[in-house]
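Here is a briefing on one protein model. Look over the sequence and the fold before reading on.

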Amino acid sequence: MFPPPASSRVVPANAARIPPMNTAGHTVVADVRALEPDFEVLRELGRGTMGVVLLARRRDTGRLVAIKILHPAAGDARDAEARVEREAQTVGRMRHPNIVRHDEMRRLPNGGIALIMQYVAGETLASVLRRTPRLSPEIAGNVLRDIGLA
């Protein structure tokens with residue numbers, strides 16, 4: 001596993017100050033509020049065109065989890081929702097050290113979906129490749145082996 005990145009944005013406990021999504025006017029504020037009874041959101045891990053990933057702590061167990069919030073899909077929302085649900089169910093049944101465990105899927109009041117997943121500390125492969133575009137043969141081999149074993 002790669003070490004965690006040096007910087008990351010912190011998501012305040014007060015959901016009113018969480019940075020909004022810039023896609024289709026959707027914000028994560030309402031999503032976080034919907035999850036607050038069960039999770040303490042600690043910080044944002046990343047964001048993209050499909051949504052945002054947050055680091056949170058389960059209130060019942062104290063365990064750290066990653067929550068991927070997928071904002072309501074534009075266009076054919078039913079197909080997108082069904083695809084995400086199938087993927088979450090399939091990955092949820094898998095158990096392998098190189099596959100992130102999916103614990104549950106929740107439908108959010110605004111129509112979005114929250115995937116509650118195992119939190120794995122570290123840096124993404126994309127981030128490593130931006131910093132070091134040419135990996136040593138040993139590291140590249142390890143990465144390919146781990147992907148193949150999944």
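The points below cover fold, confidence, strands, cores and salt bridges.

This is a predicted model; local features need pLDDT of at least 70, side-chain atom pairs count only at pLDDT 80 or more, and totals for chains, interfaces and linings use all residues. Residues are numbered from 1 along each chain as its sequence is written, and side-chain values use heavy atoms, leaving out hydrogens and water. The protein has four helices and five strands. Here helices (H or I, at least four residues) and strands (E, at least two) are DSSP runs, numbered from the N terminus.

**Overall fold**

- The order of elements from the N terminus is α-β-β-β-α-β-β-α-α.
- Of the 150 residues in the protein, 29% are buried. Buried means under 20% relative accessible area, exposed means over 50%, and partly exposed lies in between (1.4 Å probe, protein chains only).
- Among contacts between residues at least 6 apart in sequence, 48% join residues at least 24 apart. A contact means heavy atoms within 4.5 Å.

**Confidence**

- The mean pLDDT is 77, and 76% of the residues reach 70 or more. pLDDT is the predictor's confidence in each residue, from 0 to 100.
- Over residues 1-25, pLDDT stays under 50. For this stretch the model has 58 contacts beyond four places in sequence.

**Strand pairing**

- Strands 1 and 2 run antiparallel and are joined by seven bridges. Two strands pair if DSSP finds at least two bridges between them.
- A hairpin through three residues joins strand 1 to strand 2. Val 41 has Ala 56 in strand 2 as its bridge partner.
- Strands 2 and 3 also run antiparallel, again with seven bridges. Arg 57 has Leu 64 in strand 3 as its bridge partner.
- Five residues lie between strand 2 and strand 3 in their hairpin. In that turn, Gly 62 has a positive phi of about 80°.
- Strand 2 is largely enclosed by the rest of the structure, because six of its eight residues are buried.

**Nonpolar cores**

- The largest nonpolar core has 14 residues. Those with the most contacts inside it are Leu 35, Phe 39, Ile 67, Ile 69 and Ala 114. A nonpolar core is a set of buried Ala, Val, Leu, Ile, Met, Phe, Trp, Tyr and Cys residues joined through side-chain atoms within 4.5 Å.
- Helix 1 (29-35), strand 1 (39-47), strand 2 (51-58), strand 3 (64-70) and strand 5 (113-118) each supply at least two residues of this core.
- A second, separate core has seven residues, including Leu 70, Ala 88, Ile 113 and Met 117.
- Ile 69 touches Asp 31, Leu 35, Met 50, Gly 51, Val 52, Leu 54, Leu 108, Ile 113 and Ala 114, not counting residues up to four places away in sequence.
- Leu 70 sits in strand 3. Leu 70 is buried, at 12% relative accessible area.
- Leaving aside neighbours within four places in sequence, Leu 70 is in contact with Met 50, Gly 51, Val 84, Gly 112, Ile 113 and Leu 115.
- Leu 70 and Ala 114 are 44 residues apart in sequence, yet 6.2 Å apart in space, C-alpha to C-alpha.

**Salt bridges**

- A salt bridge is a side-chain nitrogen of Lys or Arg within 4 Å of a carboxyl oxygen of Asp or Glu. By this rule there are nine.
- Arg 106 pairs with Asp 38, with the closest N and O atoms 2.7 Å apart. This pair links distant parts of the chain, 68 residues apart: Arg 106 is in strand 4 (residues 102-107), and Asp 38 is in the loop between helix 1 and strand 1.
- Asp 38 counts as partly exposed, at 34% relative accessibility.
- Arg 106 also forms a salt bridge with Glu 104 (2.8 Å, N to O). Glu 104 is partly exposed, with a relative accessible area of 25%.
- Arg 145 and Asp 146 form a salt bridge, their closest N and O atoms being 3.1 Å apart. Arg 145 is partly exposed at 45%, and Asp 146 is partly exposed at 30%.
- Salt bridges with shared partners join Asp 38, Arg 58, Asp 60, Glu 104 and Arg 106 into one network.
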